[in-house]
Amino acid sequence: MPFTPPTTDGRKLKGKKTRQALMTATLEIIATEGKDGLTSRRIAEKAGVAKGSVFHHFESINELVFRSVIMMADHLFLEAIPQDANTLDDYVNQVFDRTLKASLEHIDIGPGIFSVIEMFITNEV
């Protein structure tokens, strides 16, 4: 039986999973170790991927941090969108309540956000 290379969709899916693992690892490292833990070796190790994957999927650690924060913000935002609001007031109240709840559920990552913001402000990434 001849060898059949993986489909493009399969490679895209694997790449997406790798990028997500790298971004999740980045957020976890920031939250637990701060900016000093942000090395390509440490991020790859935490994500369970090869070190070269970091720069295969992201141009720099700076881009990886940026994309990681965007991923977390998107996740928190999607958790906050109500699907069952009947009025504008109900919608606004549900968004507020769900945003607060989602933020509290992810508070372990929260302090790391301040580290990320500080790194961008001081251009330390």
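View 1. At 35% relative accessibility, E33 counts as partly exposed, where buried means under 20% relative accessible area, exposed over 50% and partly exposed in between (1.4 Å probe, protein chains only). The side chain of E33 meets that of R42 in a salt bridge with an N to O distance of 2.8 Å, a salt bridge being a side-chain nitrogen of Lys or Arg within 4 Å of a carboxyl oxygen of Asp or Glu. Because R42 and E45 are three residues apart in helix α2 (residues 40–47), about one helical turn separates them; helices (H or I, at least four residues) are DSSP runs, numbered from the N terminus. E45 itself is exposed, with a relative accessible area of 55%.

The model is a predicted one, in which local features need pLDDT of at least 70 and side-chain atom pairs count only at pLDDT 80 or more, while totals for chains, interfaces and linings use all residues. Residues are numbered from 1 along each chain as its sequence is written, and side-chain values use heavy atoms, with hydrogens and water left out.

**View 2. The salt bridge between E63 and R67 in helix α4.** The closest N and O atoms of E63 and R67 are 3.4 Å apart in this salt bridge, and the two residues are separated by about one helical turn because they lie four residues apart in helix α4. E63 is partly exposed at 22% relative accessibility, and R67 is partly exposed at 41%.

View 3. S68 lies in helix α4 and counts as buried at 0% relative accessibility. A polar atom of the S68 side chain lies 2.6 Å from the backbone oxygen of L64. Not counting residues up to four places away in sequence, S68 touches M23, T26 and L27, contact meaning heavy atoms within 4.5 Å. F66, also placed in helix α4 (residues 61–80), is partly exposed at 40%; F66 and M23 are 43 residues apart in sequence and 9.2 Å apart in space, C-alpha to C-alpha.

View 4. L88 is placed in helix α5 (residues 88–105) and is exposed, with a relative accessible area of 64%.

Key. A polar contact is a pair of N or O atoms within 3.5 Å; within protein, one must be able to donate a hydrogen and the other to accept it, and residues adjacent in sequence count only if both atoms are side-chain atoms.
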